[in-house]
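The sequence and structure come first.

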Amino acid sequence: MIYVGVDLGYGWVKAMSSTGKRVVFPSLVGKGHDRGLTNMFGEEKHTLSNMNVMYKGENYFVGELAKESRSLSRIFERERFNHLYTHILLNTAIQLVTEGESGSVKLSTGLPLDFYGAQAKDFQQSIKGVHPAIEWVSGSLAGRTEQINIEDALVFPQGASAVYAALFNHEGKLTYPQYMNKGALIGLIDIGYRTTDFVVVEIQENNGFMPMTKLSGTIDDGVINLTRDIRQAFKVRSGGADLNEFHLNRVMQDERLTYKGKTLDFEDVIHSSKKSIAMNIVDRLKNVWGEESDLFDAIFLAGGGGELFEPFIQKPFDERLIKIQESQFANAIGYLRLGNAIFNHRK
């Protein structure tokens, strides 16, 4: 039996399995089309950036390749578990980390804190059971048709799972024993693509922890705010042109872009945007946490956005934030470790 943890982020899908395999790819799906010219030039088919699948008889580009689709989409609906693309991303991720040898798996995944109470049960039911087969036209499993059966599923609150990943290593041993005193308060800020989850837990006896609801929640700010600012700046500088996902990523990485033979520099835009977004997040956190955060024993920083915004969010917290080592994978790691513990306990 393979255990799998999947973090279906708004920006990136992160997945890992009990076999040690892990993947990360953009949370993008688009209608597929024939790429005869590409195939003529002999593009490498067996890569993560080249995922073309057939699902329920329809052709889709997934992840990086979706940027070539004429109808690219991210799933921003509140009830994402109903969306067809959620199931395509989930199935693709599971098959990648089980390398097609899936059969039956036990899955752990999660939802943002604000949606967790209302949606966790429905999400859990919607993903259990035998899923439609995926035919891999290209990508890591090119030429194969695979089908998974999610024998059992657990849905955890995002952020709380990242706390577990921060406090315990893969062997279940304590990473920071100095913070594990009964009554200690541990905070975590998880900056994602669309939202920022924040959670505070109180350490219990025997190294357990209890989330403190009044100090935990979701902020509607994240990396997406930065992408909007870059797109807006490009529109102004180009005289109204739009920036697609591919070129947006280039700007995020290089802070510049060539347009009509001229180099457009976005360094100042990116810096001021990051600073502004970080301050919004800090203001919201300070509003909820007040002066209590001064008494937290530790505050962890997680998420892909945690990496991006760390320089701007440290100072308001007196340089106390501890960046989780694998911050982008923090929730996926937490899901897998928590899931393993619960599934094994049920045996």
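Strand S5 (residues 51-55) and strand S6 (residues 58-62) run antiparallel and are joined by five bridges. The model is predicted: local features need pLDDT of at least 70, side-chain atom pairs count only at pLDDT 80 or more, and totals for chains, interfaces and linings use all residues. Residues are numbered from 1 along each chain as its sequence is written, and side-chain values use heavy atoms, with hydrogens and water left out.

Antiparallel sheet

- The order S7-S4-S6-S5-S10-S11 describes an open sheet of six strands with antiparallel pairing; two strands pair if DSSP finds at least two bridges between them.
- Strands (E, at least two residues) and helices (H or I, at least four) are DSSP runs numbered from the N terminus.
- Strand S7 (72-73) and strand S11 (145-146) are at the edges with a single partner strand each, so one side of each has no neighbour in the sheet.

- Nine bridges pair strand S8 (residues 103-111) with strand S12 (residues 148-157) in the parallel sense, and Thr109 stands opposite Val155 in S12.

Helix packing

- Helix H5 (residues 223-238) packs on helix H6 (residues 245-254) at an angle of about 100°, with axes 11 Å apart; axes are lines fitted to C-alpha atoms, for helices over the stretch in contact, and angles run from 0 to 180 degrees between N-to-C directions.
- H5 and H6 are therefore roughly perpendicular (65 to 115 degrees).
- Val223, Leu226, Thr227, Ile230 and Arg231 of H5 meet Glu245, Leu248, Val251 and Met252 of H6, contact being heavy atoms within 4.5 Å.

Largest pocket

- The largest pocket has a volume of about 750 Å³, the space filled by probe spheres set on the grid points, which are joined across faces, edges and corners.
- A pocket is an open set of points on a 1 Å grid over the protein atoms alone, where a 1.4 Å probe fits, with protein on both sides within 12 Å along at least five of seven lines; lining residues have an atom within 4 Å of a point.
- Of its 41 lining residues, Trp12, Tyr193, Val223, Gly304 and Gln328 are the closest to the centre.
- H6 gives the largest share of the lining, eight residues.

Definitions and conventions:
Angles under 35 degrees count as roughly parallel, over 145 as roughly antiparallel, 65 to 115 as roughly perpendicular and the rest as oblique.
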